Amino acid sequence: MADEATVQTDEMFERALAFYQQGDPLQALALCDALLTQVPSHSDGLHIAGAVALQLQDPQRALSYLERALALNPTLAAAWHKRGIALY
């Protein structure tokens, strides 16, 4: 059985992802930042935060999130792709 904190962070990530997919980057980034305050090593949260920062035309911030995500999980192919876009 998952503990309550894990369930809450999973729900927070799912909500952030939904906001990102629905085109609400400010809400998505706010949730990602809240999630990352609780779990700084959440690689998927870092990845989505990086994607949102790219959407908001902030490539330096995107790189910061994406490079942290990739350091934690180098198999995130989409994060590598977004990193390349941020560097371009």
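Arg61 counts as partly exposed, at 33% relative accessibility, on a scale where buried means under 20% relative accessible area, exposed over 50% and partly exposed in between (1.4 Å probe, protein chains only). This is a predicted model, in which local features need pLDDT of at least 70 and side-chain atom pairs count only at pLDDT 80 or more, while totals for chains, interfaces and linings use all residues. Residues are numbered from 1 along each chain as its sequence is written, and side-chain values use heavy atoms, with hydrogens and water left out.

The side chain of Arg61 meets that of Asp33 in a salt bridge, at 3.1 Å from N to O; the term stands for a side-chain nitrogen of Lys or Arg within 4 Å of a carboxyl oxygen of Asp or Glu. Because Arg61 lies in helix H4 and Asp33 in helix H2, the pair ties together parts that are 28 residues apart in sequence. Helices here are DSSP runs (H or I, at least four residues), numbered from the N terminus. Asp33 is partly exposed too, with a relative accessible area of 27%.

The structure holds 2 salt bridges, and Arg83 and Glu67 also meet through their side chains in one, at 3.2 Å from N to O. This pair links distant parts of the chain, with Arg83 in helix H5 and Glu67 in helix H4, 16 residues apart. Relative accessibility is 24% for Arg83, which counts as partly exposed, and 36% for Glu67, which is likewise partly exposed.

Thr37 is found in helix H2 and counts as exposed, at 64% relative accessibility.

The buried residues of H1 are Thr9, Met12, Phe13, Ala16 and Leu17. They cover an arc of only 135° around the axis, so they sit on the same side of H1; the arc is that of the directions from the helix axis to the C-beta atoms. Exposed Glu4 and Gln21 are carried on the face turned away from the buried side of H1. Cover for the buried residues includes helix H2 (25–38) and helix H3 (43–55). After H1 comes Gly23, with a positive phi near 85°.

The largest nonpolar core has 25 residues, of which Ile48, Ala49, Ala62 and Tyr65 touch the most other members. Such a core is a set of buried Ala, Val, Leu, Ile, Met, Phe, Trp, Tyr and Cys residues joined through side-chain atoms within 4.5 Å. H1, H2, H3, helix H4 (59–72) and helix H5 (77–87) each supply at least two residues of this core. Leaving aside residues up to four places away in sequence, Ala62 touches Gly50, Ala53, Leu54 and Ala86, contact meaning heavy atoms within 4.5 Å.

Finally, Gln57 is found in the loop between H3 and H4. Although Gln57 is not a glycine, its phi is positive, about 65°, and at 69% relative accessibility it counts as exposed.
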